[in-house]
Amino acid sequence: ASMPQLIKVIKTKNVDDISWLMLVILISGLSLWVWYGFEQDELPIILSNAFAALINTTLLICYFIFKHK
């Protein structure tokens with residue numbers, strides 16, 4: 001669900017509807033899942049959650065870049 005939101009933010013440069021706190025909490029949870037994946041040596045858990053963390057981190061960076069525009 002984050003990929004369409006990221007595409008919209010990049011196209012419109014509008015982040016009014018995004019909560020930075022929600023993104024930080026989500027990225028934290030995804031990072032813990034990545035860590036768990038490494039602990040259990042489970043590549044599907046690592047890859048899926050690392051990709052989601054990357055998308056949401058990019059969205060968070062866009063939030064701080066575009067929030068004053």
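Student: What makes the reach of H3, from its first C-alpha to its last, close to what is expected at 1.5 Å a residue?

Tutor: This is a predicted model, and the comparison is made on its C-alpha atoms. H3 has 24 residues, and at 1.5 Å a residue a reach of 34 Å is expected. The reach from its first C-alpha to its last is 34 Å, close to that expectation.

Student: How do you know whether the span of helix H2 agrees or disagrees with its number of residues?

Tutor: H2 covers residues 20-40, which is 21 residues, and these should span 30 Å at 1.5 Å a residue. The end C-alpha atoms of H2 are 30 Å apart, so the span agrees with the expectation.

Student: What pattern does the chain follow when read along the sequence?

Tutor: The chain follows α-α-α, with three helices and zero strands. Its C-alpha atoms fill a box of roughly 45 × 20 × 15 Å along the principal axes.

Student: Which residues of H2 are buried?

Tutor: They are Leu23, Ile27, Leu30, Val34 and Gly37. Each is called buried because its relative accessible area is under 20%.

Student: Why can the buried residues of H2 be said to line one face of the helix?

Tutor: Seen down the axis of H2, the buried residues fall within an arc of 75°, and therefore they line one face. This set packs against helix H3, residues 43-66. On the other side of H2, Ile25, Leu32, Trp35 and Glu39 are exposed.

Student: Which residues of helix H1 are buried, and which are exposed on the other side?

Tutor: In H1, residues 2-12, the buried ones are Ser2, Leu6 and Val9. Seen down the axis of H1, they fall within an arc of 65°, so they too line one face of their helix. Pro4, Lys8 and Lys11 are exposed on the other side of H1. What covers the buried residues of H1 includes H3.

Student: What covers the buried residues of H3?

Tutor: The cover includes H1 and H2. The buried residues of H3 are Ile46, Asn49, Ala53, Ile55, Asn56, Leu59, Leu60, Cys62, Tyr63 and Phe66.

Student: Why is Asn49 called buried?

Tutor: Asn49, found in helix H3, has a relative accessible area of 13%. Leaving aside neighbours within four places in sequence, Asn49 is in contact with Leu30, Trp33 and Val34. Of these, Leu30 and Val34 belong to the buried residues of H2.

Student: Is Leu54 buried or exposed, and what makes it so?

Tutor: Leu54 also lies in helix H3, but its relative accessible area is 52%. Exposed means over 50%, and Leu54 at 52% is therefore exposed. Leu54 and Ser31 are 23 residues apart in sequence, and their C-alpha atoms are 9.7 Å apart in space.

Student: Where is Lys13 placed, and what is its phi?

Tutor: Lys13 is in the loop between H1 and H2. Its phi is near 55°, a positive value in a residue other than glycine.

Student: Why does Lys13 count as partly exposed?

Tutor: Its relative accessible area is 44%. Buried requires under 20% and exposed requires over 50%; 44% lies in between, so Lys13 is partly exposed.

Student: How do you know whether Asp41 counts as buried or exposed?

Tutor: Asp41 has 69% relative accessibility. Exposed means over 50%, so Asp41 counts as exposed. The place of Asp41 is in the loop between H2 and H3, and its phi is near 55°, a positive value in a residue other than glycine.

Student: How many of the residues of the chain count as buried?

Tutor: Of the 69 residues, 29% count as buried. The accessible surface of the chain comes to about 5,000 Å², with 67% of that belonging to carbon and sulfur atoms.

Student: How many positive and negative side chains does the chain have, and how far apart are the centres of the two sets?

Tutor: There are 5 positive and 5 negative side chains, and the centres of the two sets lie 22 Å apart.

Student: What share of the contacts between residues at least 6 apart in sequence joins residues at least 24 apart?

Tutor: The share is 69%.

Technical notes
Residues numbered from 1 in each chain as written. Predicted model: local features only at pLDDT ≥ 70, side-chain atom pairs only at ≥ 80, totals over all residues. Heavy atoms only, no water. Helix = DSSP H or I, 4+ residues; strand = E, 2+ residues; numbered from the N terminus. Buried < 20%, exposed > 50% of the residue type's maximum accessible area, 1.4 Å probe, protein only. Contact = heavy atoms within 4.5 Å. Areas by Shrake-Rupley, 256 points an atom, 1.4 Å probe, with all protein chains shown as cover. Lys, Arg positive; Asp, Glu negative; His and termini not counted. Charge placed at Lys NZ, Arg CZ, Asp CG, Glu CD. Expected span 1.5 Å × (residues − 1). Arc of directions from axis to C-beta.
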